[in-house]
Each structure stands twice: as C-alpha cells, then as structure tokens.
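Hi there,

Here is the structure I promised to pass on to you. My notes on what I found follow below it.

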Amino acid sequence: MRGIASFQRFTSPRALLFRPPSPPPPYHHSPSKPYSPLLAQSLLPSITRFRSLQTDASPVIVSEDDSFGKKQVISLTPQLYDYILSNVREPPILRELREETATLKGSQMLVSPDQAQLLAMLVQILGANRCIEVGVFTGYSSLAVALVLPESGYLVACEKDAKCLEIAKKYYELAAVAHKVDVKQALAADTLQSLLDKGEGCSYDFAFLDADKRKYDEYFEYLFQLVRVGGVIVIDNVLWHGKVANPNETDKKTNSLRKFNRKIFKDERISTSVVPVGDGMTICRKK
Ligand SMILES: C[S@@+](CC[C@H](N)C(=O)[O-])C[C@H]1O[C@@H](n2cnc3c(N)ncnc32)[C@H](O)[C@@H]1O
C-alpha cells in the first residue's frame, strides 16, 4: 500500500504484557499527589463515567506505510486513560461543576478534563485576551478558559438554552470570573452575526466550537471572520465516536462532520491539526 498508512492491532507478546490484568483503577484526580492506583482505589470518586467501555485493551497500533515502514502509535486503553486523567490538573471548581452536571440530562456533552486542560493551555500559549465559545451547556469548557484568561480577558459565551446557562453563570460567579464572561443567550449564528455587525471582525484570539454538529461549517465561517490572523479555532467532536472513519455510518450528523473535516483539510486559509483527545478536536490557526 502506498502513501496512506494502514493500521492493525499490535499483537506481539510484548504488547500483551500491557493489557490491564483487572479492571482499571477508578478516575481520581489530585494535583498535589502523584498517581497511585492504590490511592485512587482508596479515594473512590463520585463519578466514574470516564471509564472506557473498550474491551480490546491493546495499547498500541502499528501503522504500515511503504514510504516510512512501521510506526507504533499509542492507542488509549481504559488503564492508560485513567493514568492520563490522574495527571490532569483539574481545578476544584471545575470538578464541582462537572459533578453537578453529571446529575443532568446531556452531561456527556461536556468536554473531558484532559480536553479542558488542553483548551486552557492553548489560550495561555496564545496569550489570548478575547475569546468566543459556541455551545456552552453548563459552562465546563468556558469556565476552564475563563479561569486562565487575564483579568482584562473577555469571553463571549454563546448558548441558546437558558436553563443550563443558569448553572454556568452560578459557576462563573463562584469562580470569580463572571466579569470576564459575556453570556449571549440566543441562537449562536445570530450572536456571531451581531459581533460582525458591530465591527468586531478579526478581533478575537481564540474560539471554541462545540454546538450543533450539522451547522459546524456555518459557525466556522463566522468564527474565521471574527478571529485575527494567527488566532486559533478549536472544533470539538470531529471524530464523532469514531463514526467518521466507518463507511457503514451514514447518518446525517456523521456525513456532515465527514464533509466538514474534508473541507477543513483542504482549506488553504488555515493550518490545521486533528488531535485524538476526547471525541477528537481539530485545532486551526488562521494564516
Ligand atoms: C456539547 S454542548 C457544549 C458543551 C460545552 N462546550 C462544554 O464542554 O462544557 C452543546 C451546547 O450547544 C448548544 N446549542 C446547540 N445549538 C445551538 C445554537 N444554535 N445556538 C446556541 N447554542 C446551541 C446546546 O444547547 C448545548 O448546550
């Protein structure tokens, strides 16, 4: 096969050594303590929803390509993901919000703690001051961003649902970041258009897109106009539970995401990278 890598499960005896012998330790996070499965087990978390349902626990896959030969690529197992989560520095206020959200319908919509940490890191690396989020829900990802913005920082938070925004606003207050967050309860396209109408094109440093998947293309075009050259747009759920890579999956959302991913791949106005974190995030930088 030329050009495109083919992937296979790595099944050498060495790989088998890495298979978790028993169910993985539950997720526990404590930024001040190193990872310890025993400690993790003694401090049972109130949330275990990050445990993977994957049964094939091989930790690596091997890409084969005529041009570069074999290359091992890490593949998440429940054990490895628990290890990653045990190394996430999730601020206590974010954990509290996550736990409160866990009792609600749609709680699976939050980005994972490792994704939130990546978003915050990107904002910090960029030195971002002006940010936009499309799709806030109860505010987990927006709070992660607001927490690392400077005091003068500004985040436009676009969400249509008033009920979940009540929770988000409560946590912005609790975290003392409410002054940085401009909550816009409306259809996101209307909010983004109004920002452009106010002459705010090319004035934002960072945008996070995480709302209705079938409108990603429309939102992306708005965000592209609003973000400055060198600014970053991050898009969530681009791997859509793996469905985008399965030709048998032809539902509307999957097709729409596939089409969107292809468009981003071809878009010469941006540089881009697909990161297999959470449900897949694409990071785009405006040229
Ligand atoms: C995946 S959730 C966002 C999760 C959030 N980013 C997080 O990780 O904490 C998507 C949100 O987008 C909102 N949404 C969907 N369509 C929208 C629209 N047209 N305008 C504004 N918000 C919308 C939904 O109400 C939902 O709360």
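Let me start with a question: which residues are buried in H9? In H9, the buried ones are Tyr-216, Tyr-219, Phe-220, Tyr-222, Leu-223 and Leu-226. Seen down the axis of H9, these buried residues fall within an arc of 165°, so they line one face of the helix. Asp-217 and Glu-221 are exposed on the other side of H9. Here "buried" means that 20 or more other C-beta atoms lie within 10 Å of the residue's own, "exposed" means 12 or fewer, and "partly exposed" is in between, with C-beta atoms placed from the backbone. The arc is that of the directions from the helix axis to the C-beta atoms.

Before you read on, two points about the source. This is a predicted model, in which local features need pLDDT of at least 70 and side-chain atom pairs count only at pLDDT 80 or more, while totals for chains, interfaces and linings use all residues. Residues are numbered from 1 along each chain as its sequence is written.

**Overall picture**

The protein has 10 helices and 10 strands; these are DSSP runs numbered from the N terminus, with helices (H or I) of at least four residues and strands (E) of at least two. Of its 287 residues, 33% are buried. Among contacts between residues at least 6 apart in sequence, 69% join residues at least 24 apart, a contact being two C-beta atoms, placed from the backbone, that lie within 7 Å.

**The sheet**

An open sheet of 7 strands runs in the order E6-E5-E4-E7-E8-E10-E9, with mixed pairing. Its edge strands, E6 (181-185) and E9 (270-275), each pair on one side only. Neighbouring strands of this sheet are turned by 15° against each other on average, direction ignored. Two strands count as paired if DSSP finds at least two bridges between them, and the axes behind the angles are lines fitted to C-alpha atoms (for helices, over the stretch in contact), with angles from 0 to 180 degrees between N-to-C directions.

Strand E4 is mostly covered, with 5 of its 5 residues buried. Arg-130, Ile-132 and Val-134 point one way from E4, Cys-131 and Glu-133 point the other way, and all are buried. E4 runs parallel to E5, joined by 5 bridges, and Glu-133 stands opposite Ala-157 in E5. Strand E5 (residues 154-159) also pairs with E6 in the parallel sense over 5 bridges; there Val-156 stands opposite Asp-182 in E6.

**Helices on the sheet**

Both H5 (residues 113-126) and H9 (residues 216-226) lie across E4, E7, E8 and E10. H5 runs at about 165° to E7, and H9 at about 155° to E8. The cover over the buried residues of H9 includes E4, H8 (188-197), E7, E8 and H10 (252-266).

In helix H4 (residues 92-101), the buried residues are Leu-94, Leu-97, Arg-98 and Thr-101. Seen down the axis of H4, they fall within an arc of 100°, so they line one face of the helix. They pack against H5, H6 and H7 (162-174).

**The ligand shell**

The ligand is surrounded by 18 residues, and the closest are Met-109, Gly-135, Phe-137, Tyr-140 and Ala-188; a residue is near the ligand if its C-beta atom, placed from the backbone, lies within 6 Å of it. H6 (140-148) and E5 each supply at least two residues of this shell. The shell divides into 11 nonpolar, 2 polar and 5 charged residues, where Ala, Val, Leu, Ile, Met, Phe, Trp, Tyr, Cys and Pro count as nonpolar, Asp, Glu, Lys and Arg as charged, and the others, Gly among them, as polar.

**Backbone and hairpin**

Most residues other than glycine have a negative phi. Ala-176, in the loop between H7 and E6, has a positive phi near 60° and is exposed, with 11 other C-beta atoms within 10 Å. Trp-240, in the loop between E8 and H10, has a positive phi near 45° and counts as buried, with 20 C-beta neighbours inside 10 Å.

Finally, E2 (residues 60-65) and E3 pair in the antiparallel sense over 6 bridges and form a hairpin with 3 residues between them. Asp-65 stands opposite Gly-69 in E3.

Best wishes
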